[in-house]
Amino acid sequence: QFPMEQLLECRLEGVEIVDLVSFLERETGKVRLDVLNPSWMIFSEGFRQGRIHSTLERAFDIAASLALLALALPFMVVTALAIKLTEGPRASIFYRQVRVGQYGRPFRLLKFRSMREDAERDGAQWAQKNDSRVTRIGAFIRLTRIDELPQILNVLRGEMSFVGPRPERPEFVEQLNERIPYYRERHSIKPGITGWAQLCYPYGSSEQDAQEKLQYDLFYVKNHSLLFYIAILVQTVEVIVWRKGAR
């Protein structure tokens, strides 16, 4: 039985009482789905969406996007030329794909094309390790993360932020909403180019991976702040420099 009297006595003596979900959140850096309940999400601290924070984050996104776009433009031009030279003058440079954004709104995500143009002739499918659909130049730009650079334009348009849950495709989101509890809650903030889940968990390619990454996404949604946002950006630079987690 729940030791109410003993816990109350401890609390009145100044002893801190921590529930299991909060303890695991603090120790693991994720919100554990196997012990999560709706009342904890309703009454616990966090999940703040203040106007000041949103305005500061948006201002930072715009300033950083313009600065990064100026620095990355030469690399983007070289990448576009490399795709044309290796795959022919008629080959498409960009890959435009519908993704689910904040509040479930769809948008078109931009990337440099790293797979064959007929990569999804059999329908949507998860990316795999050593994916045979990846082109020669595509393998390089994926490893160096250059394929992500066009998403700076998505940030400028306000469809994405630099930091947030990774946007998924509508086909996958529909399935995951039905099968994974609290999956919809990750869409309460803007998706990001990088994020806490991307830093803490390797590239996901299955429903099980999506469930594991959701726990980190919920941690960011609950605790996100400008300081946490900047800390993730700093750690992302390390990932890019040391080529960790790229697939």
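Glu148 counts as buried, at 17% relative accessibility. Buried means under 20% relative accessible area, exposed over 50%, and partly exposed in between (1.4 Å probe, protein chains only). Arg166 is buried too, with a relative accessible area of 13%.

This is a predicted model: local features need pLDDT of at least 70, side-chain atom pairs count only at pLDDT 80 or more, and totals for chains, interfaces and linings use all residues. Residues are numbered from 1 along each chain as its sequence is written, and side-chain values use heavy atoms, with hydrogens and water left out.

## Glu148 and its partners

Glu148 and Arg166 meet through their side chains in a salt bridge (3.0 Å, N to O). Glu148 sits in the loop between helix H5 (136–143) and helix H6 (151–156), and Arg166 in the loop between strand S3 (161–163) and helix H7 (170–179), so the pair ties together parts 18 residues apart in sequence. A salt bridge is a side-chain nitrogen of Lys or Arg within 4 Å of a carboxyl oxygen of Asp or Glu. Helices (H or I, at least four residues) and strands (E, at least two) are DSSP runs, numbered from the N terminus.

A network of salt bridges links Lys111, Asp147, Glu148 and Arg166.

## Other salt bridges

The whole structure holds twelve salt bridges. One of them joins Glu25 and Lys222, with the closest N and O atoms 3.2 Å apart. Glu25 is in helix H2 (residues 20–28) and Lys222 in helix H9 (residues 207–223), so distant parts of the chain are linked, 197 residues apart. Both Glu25 and Lys222 are buried.

Asp34 and Arg32 also form a salt bridge (2.8 Å, N to O). Asp34 is exposed, at 53% relative accessibility. Arg32 is partly exposed, at 24%.
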